[in-house]
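Me: I would like to go through a structure step by step. Could you keep the explanations plain and define the terms as they come up?

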Amino acid sequence: MRERSPVRRLVLCALLASGALVLSYVESLFPLPLPLPGARLGLGNAMVLLALLLFGLREAAGVLATKVLLSALLFGTPLSLAYAAVGGALSLSAMALLNGRGSVTPIGQSVAGAVLHNAGQVLVATAITATPELLYYFTPLGLLGVLTGGLSGVAAKLCLDRLRPLQGR
Amino acid sequence: MKRGDFVIIALAILLALTPLLLRPARGAAPRAVVRKDGEIAAELPLDEDAVLRLEEGGQNVLRVSGGAIRMEEADCPDGTCVRQGAIQNPGETIVCLPHRVTVTIVGNGEGTGGVDAVVQ
């Protein structure tokens, strides 16, 4: 669904991007109590998914790029930028491919996005450290990603139902 | 949730499980391969207790005891390598990304190629 006013669309996207940034930051303050580095709830990704659902791929890519660049500048390192960029790009591609299909809800999109994000993380870590055994780490991370992806999909769905009325005005 | 969601979840779980197919069989006396910046820095047999200190570009202290290896200390900002605890089975890995250090257990008979090992 296309927003009529470009200004309105820009403002909503900026709000989603700042929401994603804050959620990523808050998440980083409370790491999951698991011995799995890189495992996160991924609520920031729910904002990217929302942008995709409300507006489209172009806007979602903008929200993602803003979130990735700003969080790397503010809280991250060049390495974390690499993870977030590769993971985010894979994740958004998966979610965009599934977008607008009648048989898939935002929950399925979010699960696909989360697992692909994890795949990107593991691939970058494997490449950087030249340690092929790191690929085994994809199993626990990916399984957890199915769960956390599903949860942030539920979050995106709840937000979507409340934001839809804003769209037509 | 619709049918497509369940298909995606099933596919995602299958995808996550694929690395298990590649996991090597357990060897008799495994050893830990320590890599720094992608280069093998040391190979430690797990049946001999030892301490390995990596100082360059950040400090990491690895300890082998009781047939397992763990990251005892590290001055990296996140400390996730220390929290990963002890590992002992082939395929298990400890990672310290800020210092680009990885520790991987390999079974006996799996080569990592000819290397210069340095053990302190």
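Me: Which residue just after α2(A) takes a positive phi?

Reply: That residue is A:Gly56, with a positive phi of about 160°. Please note that this is a predicted model, in which local features need pLDDT of at least 70 and side-chain atom pairs count only at pLDDT 80 or more, while totals for chains, interfaces and linings use all residues. Residues are numbered from 1 along each chain as its sequence is written, and chains are lettered from A and ligands numbered from 1 in the order in which they are written. Helices (H or I, at least four residues) and strands (E, at least two) are DSSP runs, numbered from the N terminus.

Me: What span should α2(A) have, and what are its end C-alpha atoms apart?

Reply: Helix α2 of chain A covers residues 43–54, and its twelve residues should span 16 Å at 1.5 Å a residue. The expected span is 1.5 Å times one less than the number of residues. The end C-alpha atoms are 17 Å apart, which agrees.

Me: Is α2(A) mostly covered or mostly exposed?

Reply: The helix is mostly covered, since eleven of its twelve residues are buried. A residue is buried if 20 or more other C-beta atoms lie within 10 Å of its own, exposed if 12 or fewer, and partly exposed in between, with C-beta atoms placed from the backbone. Among the buried residues of α2(A) are A:Gly44, A:Asn45, A:Met47 and A:Leu54.

Me: How does α2(A) cross α4(A)?

Reply: The axes of α2(A) and helix α4 (residues 78–97) of chain A come within 11 Å and cross at roughly 40°. Axes are lines fitted to C-alpha atoms, for helices over the stretch in contact, and angles run from 0 to 180 degrees between N-to-C directions. That angle makes α2(A) oblique to α4(A). Angles under 35 degrees count as roughly parallel, over 145 as roughly antiparallel, 65 to 115 as roughly perpendicular and the rest as oblique.

Me: Which residues meet there?

Reply: From α2(A), A:Asn45, A:Val48, A:Leu49 and A:Leu52 meet A:Ser91, A:Leu92, A:Met95 and A:Ala96 of α4(A). Two residues are in contact if their C-beta atoms, placed from the backbone, lie within 7 Å. By class, this contact has six nonpolar, two polar and no charged residues. Ala, Val, Leu, Ile, Met, Phe, Trp, Tyr, Cys and Pro count as nonpolar, Asp, Glu, Lys and Arg as charged, and the others, Gly among them, as polar.

Me: And at what angle do α2(A) and α5(A) pack?

Reply: They pack at an angle of about 130°, with their axes 11 Å apart. The two helices are therefore oblique to each other. In α2(A), A:Asn45, A:Ala46, A:Leu49 and A:Leu53 take part, and they meet residues of α5(A) including A:Pro106, A:Gln109 and A:His117. The residues of this contact divide into five nonpolar, five polar and no charged.

Me: Changing topic: how many residues of chain A are in contact with chain B?

Reply: In chain A, 27 residues are in contact with 29 residues of chain B. On the chain A side, α5 (106–129) and α6 (138–168) each supply at least two residues. Helix α5(A) gives the most, with eight residues. By class, that side of chain A has 18 nonpolar, seven polar and two charged residues.

Me: How do α5(A) and α1(B) lie relative to each other?

Reply: They are roughly parallel to each other. The axes of α5(A) and helix α1 (residues 3–22) of chain B come within 8 Å and cross at roughly 15°. Residues in this contact include A:Val111 and A:Val115 of α5(A), and B:Ile8 and B:Leu15 of α1(B). The residues of the contact divide into nine nonpolar, two polar and one charged.

Me: What is the secondary structure of chain B?

Reply: Chain B comes to two helices and eight strands. Read along the sequence, the pattern is α-β-β-β-β-β-α-β-β-β. Buried residues make up 37% of its 120 residues.

Me: Where is B:Asp37 found?

Reply: B:Asp37 is found in the loop between β1 (31–36) and β2 (39–45) of chain B. This residue has a positive phi of about 55° although it is not a glycine.

Me: Does B:Arg100 count as buried or exposed?

Reply: B:Arg100 is buried, with 21 other C-beta atoms within 10 Å. By contrast, B:Asp37 counts as partly exposed, with 14 C-beta neighbours inside 10 Å. B:Arg100 lies in the loop between β7 (93–96) and β8 (101–106) of chain B.
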